Amino acid sequence: MKFFITPLIILCFLFIDCTNKKVEDPMQLVDDSTILRMNDSINHLTVNFQKNKDTTLLQTALKLSDTVLKLDQTEEGQYYGTLRKSQILTLLGRKKEAFLLQDKITDRNPESIERLIYNGVASKLRYQADSSDPDIYSKT
């Protein structure tokens, strides 16, 4: 009898544990197809801008891009969403803002070449030429 009750209790706990999962963040349940449709719309608007040169299309794409970044909280979604937003800002002529936005997606390792290049260009954009001058490192 003892051998029958123990597996039964464990089975009940497993069943209860698997069926009562609560979602902590309801935004995580956003349908992936919705995000995919929004991404397709952004791509469509960008392509149409390149044909028509109508900046209102890019303004709409930028708003959709912000929405996608809020909805898709995955690491991959944040990376590609930020990259796409940076590209849209560049097309709008907001190049400095687009470049500085790339800080979010650039490798965080301070020794990586990608980070070193980004930091140098960012310092130059912020008029901190001393921080971006490679000669200051060779003088020490």
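This is a short talk on one chain and one of its helices, α6.

Good morning, everyone. A word of caution to start: this is a predicted model.

Let's take the whole chain. It has eight helices and zero strands. Read from the N terminus, the elements run α-α-α-α-α-α-α-α. The chain has 140 residues, and buried ones make up 27% of them. The accessible surface comes to about 10,700 Å². Carbon and sulfur atoms account for 58% of that surface.

On to α6. This helix covers residues 113-125. That is 13 residues. From the first C-alpha to the last, α6 reaches 18 Å. The expected value, at 1.5 Å a residue, is 18 Å, and the helix comes close to it.

Which residues are buried in α6? They are R115, Y118, G120, A122 and S123.

Next, I113. Is I113 buried or exposed? Its relative accessible area is 61%. Exposed means over 50%, so I113 counts as exposed.

I113 also belongs to a group. Together with L116, I117 and V121, I113 forms a nonpolar patch on the surface. How much accessible area do the four have together? About 380 Å².

To recap α6: R115 is among its buried residues, while I113 is exposed and is part of the nonpolar surface patch. Thank you.

How values were computed
Residues are numbered from 1 along each chain as its sequence is written. This is a predicted model: local features need pLDDT of at least 70, side-chain atom pairs count only at pLDDT 80 or more; totals for chains, interfaces and linings use all residues. Side-chain values use heavy atoms; hydrogens and water are left out. Patches are made of residues with over 30% relative accessible area and no salt bridge: like charges are joined within 9 Å, nonpolar side chains (Val, Leu, Ile, Met, Phe, Trp, Tyr) within 5 Å. Accessible areas come from the Shrake-Rupley method with a 1.4 Å probe; for residues, only the protein chains shown count as cover. A salt bridge is a side-chain nitrogen of Lys or Arg within 4 Å of a carboxyl oxygen of Asp or Glu. Helices (H or I, at least four residues) and strands (E, at least two) are DSSP runs, numbered from the N terminus. Buried means under 20% relative accessible area, exposed over 50%, partly exposed in between (1.4 Å probe, protein chains only). The expected span of a helix is 1.5 Å times one less than its number of residues.
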